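Hi everyone, thanks for coming. I'd like us to look at two residues together, so please have a look at the sequence and the model.

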Amino acid sequence: MTINFGDGTTIESGGSLGKVLQVIQTVKQDTFSENMNANTVSGDMGLNVTITPSSSSSKILLFAQLTIGFVTDDHVGFTILKGGSTISAYLPTSAGSRTTFSSGTSTRANSYPVGVSGNFLDSPSTTSATTYSVRIKYGRGVNGQTMFLNRAEVDTDAVHKQRAVSVVTATEIAG
């Protein structure tokens, strides 16, 4: 069987090729908030995962699921950093002055938080520990808006209000 990784890399499956070697996951159960300006990325929310590939030919399959709330109707999403830098292959090209997200949505977040998810296959080409960090990205809008993770802007302790978790998972695939 031939496995195509989408980045032009193909391998013939056999032995351990294409098998899951390890899975590392971070689940963020508490909330986070940050005052943000338009087209900015949040600080560290604690949604990070560090994985040490067993081979430099391994691929890392990343999954992220976030629950985001905002004060105003706006565009929100996330981006993934590797070693502190944005993974440019997980952003659109030729965006001009448009805001770029790895995954994003429009929201009426002051009423309800929204779920945003995505996945990406990275080729780190290393056997060193590699840290991936998921960060909220605020789209257009007014500077100085507050972003919330795992809750809505209105967070009254009532049965009709929601809280959720956010998750990032890194899976090493033999290559």
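Which residues does Asn150 touch, leaving out those up to four places away in sequence? They are Lys28, Gln29, Asp30, Thr31, Thr67, Arg163, Ala164, Val165 and Ser166, where a contact means heavy atoms within 4.5 Å. A word on where this comes from: the model is predicted, local features need pLDDT of at least 70, side-chain atom pairs count only at pLDDT 80 or more, and totals for chains, interfaces and linings use all residues. Residues are numbered from 1 along each chain as its sequence is written, and side-chain values use heavy atoms, with hydrogens and water left out.

Back to our asparagine. Asn150 sits in the loop between β13 (145-149) and β14 (166-173); strands here are DSSP runs of E, at least two residues, numbered from the N terminus. Two of the neighbours come up again.

Is Asn150 buried or exposed? Its relative accessibility is 0%, so it counts as buried (under 20% relative accessible area; exposed is over 50%, partly exposed in between, with a 1.4 Å probe and protein chains only). Ser125, by contrast, counts as exposed because its value is 53%. Ser125 lies in the loop between β11 (114-122) and β12 (130-138).

Finally, the backbone: phi is positive at Asn150, near 70 degrees, and at Ser125, near 50 degrees.

Note on methods: Helices (H or I, at least four residues) and strands (E, at least two) are DSSP runs, numbered from the N terminus.
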